[in-house]
Amino acid sequence: MTPLDQMLLWFELYSLQERYISVLDNDQLEAWPELFTADGHYEIVPKENADAGLPMGIIYCNNQGMMRDRILSTREANLYEPQTYRHLVSGLIITPTDQGMVKMSANYVVIRTNQEGDSIIYQAGRYEDQVINTAEGWRYRSKRAIYDTLRVPTLMAIPV
Amino acid sequence: MGHHDLHQAELPPLAIQFPRSDGSRVPYEVFSSPAIYEREQERIYRGPTWNFVALDVEISQPGDFKSTYVGDTPVVVTRTPDGSLAAWVNRCAHRGAKLCTLPRGNATSHACLYHQWNFDSRGNLTGIPFRRGQKQMAGMPPDFDMKAHGLQKLRVDSYGGLIFASFSDTVAALPDYIGNEMRPWIDRIMHKPIVYLGCTRQFVNANWKLYFENVKDPYHASLLHLFHTTFNILRVGMKARSLPDAGHGLHSIITATRIEDDNSSAAYTAQDIRSMNEGFHLEDESVLGYVHEYEEATTNHIQSIFPQLVLQQIHNSLVARQLLPKAPDQFELVFHFFGYADDTPELRELRIKQANLVGPAGYISMEDGYATELVQRGSLREGKSSSVLDMGLSQPDQQDTLITESLIRRFWTGYQALMAL
């Protein structure tokens, strides 16, 4: 891969990441599962478990249908204070592998604002992702949000 | 543990009145008063109670330790070299520094970083730098008694793989404290070796007792948590229980069980969940799967052992929730997830998947923290007003129902006795 190819790939994946946080931060939650492959995995796990090799987290989806269920439940079933996320993502590192899959990692911070306008640093963490190129473009085959902010404030209604 | 065991020294009265003696009216100031919070630390967490601190399997090896809390007091629970358990206040006996600064680990000794005073895993003082001085300069006094300067120790015991600690010398033995009514329900869950699967934590801006009310409140389940209703998931033929312990009434168990069960069938799957044809549907109902693991096909087992434990089985999700007060208007929940050592890979996967049901992002639990915060916010300036807990009041002995506030009333009468209110 030439340096130019590497740069283009980095920009393509950076665009995927920008698209990802845009749908979550701008109330387009129904578009969120579409950024994954049909058999994609998504999970949110605390760093203390990830570091210890323990599996438990707070959201776990092992296919796109489960992700659509999560969004439908967020929209229709669960009760929570209206809120907005703003993701700040930095430090994107990409590592192409031989099988056409690319590993990605990046830092994230989510600032959550409630309906009275109070903003808190809701969660800091890192993404550990695997993406593949499909007919529709780059899609997540796996996304793990590993969070440092171990005590989740009040609840989590929207994926990070 | 009966009421007589709750007796402690007389205290000056607080100007807080419970309008009725049956626990059905609770003045809101008990959820925000600093004086109440202070008294709780002394009379509950440092009083005649056993406080859940860890699962046995979290500290299975000699030297393993875990930092945690009894009330808001930092404590460390350890596995000593001979395999027994110990617990001590996490405060150096020298100058009061927090001694153990790691959340977990393995160590045969614990040295304070300030002056390197050294303690063994039981909390005994084993070493003081320059104790005998240096170059004819005096060290510690010759009569300084090492044995008298160990860490402040707690009693510690385990039941069914659950470790509890107590500051009290007078509290009943742990099995008696848990009581005859509650022990079989712990035995039901903890009947074979378990494996620790990790913990998650939730921080809520509300008083800890609002959460204790919540886990004794089967009435809210289908009203606050709309997941089943929204997705038209029929739960036909549920048998319910709402049982307090027979003594102080501070512990309780709530269960919901399918009654049309065939106990011989090995496994229930998502096909058992019938949906109607209209409205919203889950694409993947496996999150509500149920593998039959117990004699009775109970889908919900919510058991509170006062004051720090809620033992939970929801479908195949197994959790020991630790409830920790942080301030009058703050508490933390630590969800200790576990499975059984003989889980099949499929069953283990189901337990991980069903973490979606519980905890801060749980389909049928995320509202609980929010609801307690709404009470905290709504009642802050209404300290002399009271909540109304009359559901099921006319039939106090009815236990085969979820439409009742009887367990909350029992909690408050036990709480008043313990707190001398």
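How many residues does the contact take from chain B and from chain A? The contact takes 33 residues from chain B and 31 residues from chain A, where two residues are in contact if their C-beta atoms, placed from the backbone, lie within 7 Å.

## About the model

This is a predicted model, in which local features need pLDDT of at least 70 and side-chain atom pairs count only at pLDDT 80 or more, while totals for chains, interfaces and linings use all residues. Residues are numbered from 1 along each chain as its sequence is written, and chains are lettered from A and ligands numbered from 1 in the order in which they are written.

## Where the chains meet

On the side of chain B that touches chain A, at least two residues each come from strand 12 (194-204), helix 6 (227-230), strand 18 (330-340), helix 7 (345-353) and helix 8 (366-379) of chain B. Helices (H or I, at least four residues) and strands (E, at least two) are DSSP runs, numbered from the N terminus. Strand 12 of chain B gives the most to this side, with 7 residues.

Two strands pair if DSSP finds at least two bridges between them. Within this pairing, Phe203(B) is the bridge partner of Pro153(A).

## Strand 3 of chain B and its neighbours

Strand 3 (residues 64-70) of chain B is largely enclosed by the rest of the structure, because 5 of its 7 residues are buried; a buried residue has 20 or more other C-beta atoms within 10 Å of its own, the C-beta atoms being placed from the backbone. Strand 3 runs antiparallel to strand 4 (residues 73-79) of chain B, with 6 bridges, and antiparallel to strand 6 (residues 104-106) of chain B, with 3 bridges.

Let's follow one residue here. Phe65(B) stands opposite Thr78(B) in strand 4 and has Gly105(B) as its bridge partner in strand 6. The hairpin of strands 3 and 4 of chain B has 2 residues between the strands, and Gly71(B) takes a positive phi near 60° in it.

## A look at Ile302(B)

Ile302(B) lies in strand 15 (residues 298-305) of chain B and counts as buried because it has 22 C-beta neighbours inside 10 Å. Leaving out residues up to four places away in sequence, Ile302(B) touches Val215(B), Ile254(B), Val310(B) and Gln312(B). The C-alpha atoms of Ile302(B) and Gln313(B) are separated by 6.7 Å, with the two residues 11 residues apart along the chain.

How values were computed
Buried ≥ 20, exposed ≤ 12 C-beta atoms within 10 Å, placed from the backbone.
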